[in-house]
Amino acid sequence: MKNILCFICSSTMKPSARFLISRTSKSFLGSAKHPLRSNRTHSSLANTCRPGPATSIIPPPPPPAARFIPYRLMSTVFRPGFASPSIAFANRGSFCVASRAVVRQQHSTSVETRVNENNFERIYVQNGIAAEAKPLVVERIDKDENIREVVSVEDGSAEEGDLNLRNPEGVEIVSPRREESDIEKEAWKLLNDAVVRYCGSPVGTVAANDPGDKTPLNYDQVFIRDFVPSALAFLLRGEGEIVRNFLLHTLQLQSWEKTVDCYSPGQGLMPASFKVRTVSLDGDKTEEVLDPDFGESAIGRVALWTLGLWWIILLRAYGKITGDYTLQERVDVQTGIKLVLNLCLADGFDMFPSLLVTDGSCMIDRRMGIHGHPLEIQALFYSSLRCGREMLTVTDGSKNLVRAINNRLSALSFHIREYYWVDMKKMNEIYRYKTEEYSLDATNKFNIYPEQIPLWLMDWIPEEGGYLIGNLQPAHMDFRFFTLGNLWSVISSLSTPKQNEAILNLIEGKWNDIVGHMPLKICYPALENEEWRIITGSDPKNTAWSYHNGGSWPTLLWQFTLACIKMGRIDLARKAVSMAESKLGADRWPEYYDTRTGKFIGKQARLYQTWTIAGFLTSKVLLENPEKASLLFWEEDYELLEMCVCALSKTGRKKCSRVAAKSQILV
Ligand code: GLC
């Protein structure tokens with residue numbers, strides 16, 4: 001086996017690529033020259049739904065030129081005579097069987113692959129037809145913990161639904177208790193029309209579905225982040241299948257092996273989006289494949305960190321709303337959670353508990369000066385750590401990870417509450433900061449020069465209320481207000497109860513700036529003139545008060561609604577929702593609005609943007625069912641506050657912050 005793998009890895013794959021090119025239709029071949037497409041884990045992995053014949057379950061590494069290769073062709077080349085799962089991924093000699101439900105094969109077999117000395121995985125697929133309820137056993141030695149974990153899951157009814165083909169007609173809309181308004185009816189219809197099917201099953205929704213748009217770019221794909229409000233709308237209407245399918249399919253697309261070179265995604269990274277493509281086979285046959293995009297085709301070419309985090313958040317929501325916890329308990333799903341969290345918790349060149357990321361690696365997916373430790377990432381990171389703690393099955397193999405999660409939760413909340421928070425009192429402190437302090441007791445811990453306090457903030461900071469700033473790192477505070485990060489801090493209790501209240505007070509007090517004519521502004525204020533030129537790189541889409549640069553995004557409405565319900569401010573949510581309701585339909589559900597108060601439809605905004613539609617519907621349902629909202633947010637975790645957040649305290653290098661963390665709750 002090792003020899004075979006060595007051969008595969010060192011052969012540079014040219015023969016196989018030639019073979020595949022000669023046998024596959026041009027329609028599914030990508031550019032051979034594009035460096036980002038070479039040696040890719042997934043785009044060439046042809047997640048296909050058509051059962052293959054008895055062939056290998058070790059596909060070769062993807063040839064550079066071949067994208068969307070029907071699995072059967074790849075496997076036939078390399079391992080004739082073995083059984084084949086219909087969905088499998090290859091990456092430089094490693095492989096994964098992504099789901100038992102798609103394993104259709106005749107033979108029992110066992111395959112091992114040694115990726116490197118530290119990372120060993122063995123997957124047995126025994127008589128692996130899922131429908132026949134055979135067990136999948138994954139034996140895994142966790143790289144971080146060096147603990148062998150053998151997990152076995154019996155295929156039972158819970159697994160039978162995996163990627164199943166039930167309900168091929170589409171998603172059923174269950175009527176709500178009352179007569180819906182016309183606008184709601186239209187929204188449900190549009191949402192239903194946006195559903196994407198893969199092999200007959202609903203698996204997601206397209207980002208935008210404007211019949212008049214002849215250049216949809218990648219908006220005809222299923223975006224992981226964009227699907228979250230759609231998923232919630234469906235779940236709240238009692239429709240779980242599409243969400244379950246989505247969660248399992250995206251799990252299959254997750255990157256499994258860390259390869260830092262050749263532009264491959266890191267282990268645990270989730271794709272930004274995927275597309276169902278129909279590819280031609282020999283003769284006039286076709287089959288459907290899932291083609292993921294990890295950011296290598298997207299306009300900004302960034303790997304988007306938040307997608308794994310959104311996936312985990314949605315997984316928890318699925319369990320909470322449907323009561324079906326079997327999904328999160330599955331061994332492959334547990335491994336998916338671990339991969340995402342391991343990736344986030346990996347050591348890097350950083351000493352802060354917050355995540356260090358590149359610019360544009362979140363909802364704002366192009367250059368906007370948010371590299372470093374942007375709030376949105378930290379809030380979603382914190383939320384998914386809380387989800388992970390709830391969902392991970394504690395075993396010998398996962399206990400170290402659970403410990404790491406607890407430590408990080410504690411440290412991260414202290415860090416954000418203490419250092420990201422600004423209000424009148426804190427601004428006064430910063431204004432009078434001494435700089436160049438050398439000691440462990442420094443007050444100005446990040447050596448912030450007060451001169452960087454922007455002029456707008458001096459006027460804007462209210463007497464009451466406060467918010468978490470957009471970014472913090474040495475000598476740098478980004479004082480812009482970023483809505484998503486602040487809302488998720490409220491929802492996840494990353495910020496203290498008092499801070500949560502103050503954030504909503506600030507939004508209420510600054511209604512014209514943050515809500516204006518359309519809820520809600522993605523950030524405030526916009527970058528203008530020279531700042532815009534330098535920070536965005538003269539991005540014509542991100543001009544002042546447009547798109548990511550101070551544009552207004554109706555999809556933020558559901559998160560605002562959730563935060564308001566949590567904090568007992570239903571009045572604010574109602575006001576925002578009714579404003580959106582009066583305009584969105586007439587404006588044809590734009591992606592975003594422009595101008596300082598969100599008056600105009602965004603100059604390049606897509607119409608019939610699905611997360612605009614779904615965000616509106618989810619808000620409506622949540623307002624009517626606040627008890628459901630409580631399944632989606634977190635209260636303060638007092639146990640976390642009991643934990644020492646300062647690992648260095650024992651060494652005497654630094655004062656323990658526990659008292660400080662606790663005191664924030666008590667004040
Ligand atoms: C834009 C947004 C991104 C969204 C995508 C699809 O690129 O910045 O957050 O996921 O459109 O709607």
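Modeller: Two residues are in contact when heavy atoms of one lie within 4.5 Å of heavy atoms of the other. Keep that cut-off in mind, and also that this is a predicted model.

Biologist: Which residues does threonine 205 touch, leaving out residues up to four places away in sequence?

Modeller: Threonine 205 touches Leu191, Ala194, Val195, Val196, Gln221, Val222, Phe223, Phe227, Ser230, Phe234 and Thr610. The residue belongs to strand β9, residues 201-205. One of these neighbours, serine 230, also makes a polar contact with threonine 205, side chain to side chain, at 3.0 Å.

Biologist: Is threonine 205 buried or exposed?

Modeller: The cut-off for buried is a relative accessible area under 20%. Threonine 205 has 2%, so it is buried.

Biologist: What share of the protein's residues is buried?

Modeller: Of the 667 residues, 62% are buried. The secondary structure comprises 24 helices and 18 strands. Among contacts with a separation of 6 or more, 69% join residues 24 or more positions apart.

Biologist: How should I read a nonpolar core, and which residues have the most contacts inside the largest one?

Modeller: In soluble globular proteins, nonpolar side chains tend to be buried together. Here the largest nonpolar core has 161 residues, and those with the most contacts inside it are Tyr467, Phe479, Trp488, Ile507 and Phe560. Helix α8, residues 306-322, gives the largest share of this core, with eleven residues.

Biologist: Take phenylalanine 479. Where is it, and what is it in contact with beyond four places in sequence?

Modeller: Phenylalanine 479 sits in strand β15, residues 476-482. Its relative accessible area is 2%, so it counts as buried. Its contacts include Val422, Met427, Ile430, Trp456, Leu457 and Tyr467. For a view of sequence against space, compare phenylalanine 479 with tryptophan 421: they are 58 residues apart in sequence, and their C-alpha atoms are 10.0 Å apart.

Biologist: How many residues of helix α15 are buried?

Modeller: All ten of the ten residues in α15, residues 483-492, are buried, so the helix is largely enclosed by the rest of the structure. Among them are Leu487, Trp488 and Ile491. After α15 comes serine 493, which has a positive phi, near 60°.

Biologist: A loop residue next. Where is leucine 632, and is it buried or exposed?

Modeller: Leucine 632 is in the loop between α22 (626-629) and α23 (638-642). A relative accessible area of 7% makes leucine 632 buried. It touches Leu232, Arg316, Ala317, Ile321, Ile491, Leu562 and Leu622, residues up to four places away in sequence not counted. Leucine 632 is 66 residues from lysine 566 in sequence, while the C-alpha to C-alpha distance is 9.4 Å.

Biologist: Now charges. How many salt bridges are found in the whole structure?

Modeller: The search finds 19 salt bridges. Glutamate 179 and lysine 185 form one, with the closest N and O atoms 2.7 Å apart. Glutamate 179 is exposed at 62% relative accessible area, and lysine 185 is partly exposed at 36%. Another joins aspartate 478 and arginine 480, at 2.7 Å from N to O, and both of these residues are buried.

Biologist: Which residue forms a salt bridge with lysine 620?

Modeller: Glutamate 581 does, with 2.9 Å between the closest N and O atoms. This pair links distant parts of the chain, 39 residues apart: lysine 620 is in helix α21 (residues 610-624) and glutamate 581 in helix α20 (residues 570-583). Lysine 620 counts as buried at 16% relative accessibility.

Biologist: Last, the surface. Which residues make the nonpolar patch of about 370 Å²?

Modeller: Tyr431, Leu455 and Met458 make that patch. Tyrosine 431 is in helix α13, residues 424-431. The cut-off for exposed is over 50%, so tyrosine 431, at 51%, counts as exposed. The protein as a whole exposes about 26,000 Å², of which carbon and sulfur atoms supply 53%.

Notes
Residues are numbered from 1 along each chain as its sequence is written. This is a predicted model: local features need pLDDT of at least 70, side-chain atom pairs count only at pLDDT 80 or more; totals for chains, interfaces and linings use all residues. Side-chain values use heavy atoms; hydrogens and water are left out. A nonpolar core is a set of buried Ala, Val, Leu, Ile, Met, Phe, Trp, Tyr and Cys residues joined through side-chain atoms within 4.5 Å. Buried means under 20% relative accessible area, exposed over 50%, partly exposed in between (1.4 Å probe, protein chains only). Helices (H or I, at least four residues) and strands (E, at least two) are DSSP runs, numbered from the N terminus. Patches are made of residues with over 30% relative accessible area and no salt bridge: like charges are joined within 9 Å, nonpolar side chains (Val, Leu, Ile, Met, Phe, Trp, Tyr) within 5 Å. Accessible areas come from the Shrake-Rupley method with a 1.4 Å probe; for residues, only the protein chains shown count as cover. A salt bridge is a side-chain nitrogen of Lys or Arg within 4 Å of a carboxyl oxygen of Asp or Glu. A polar contact is a pair of N or O atoms within 3.5 Å; within protein, one must be able to donate a hydrogen and the other to accept it, and residues adjacent in sequence count only if both atoms are side-chain atoms.
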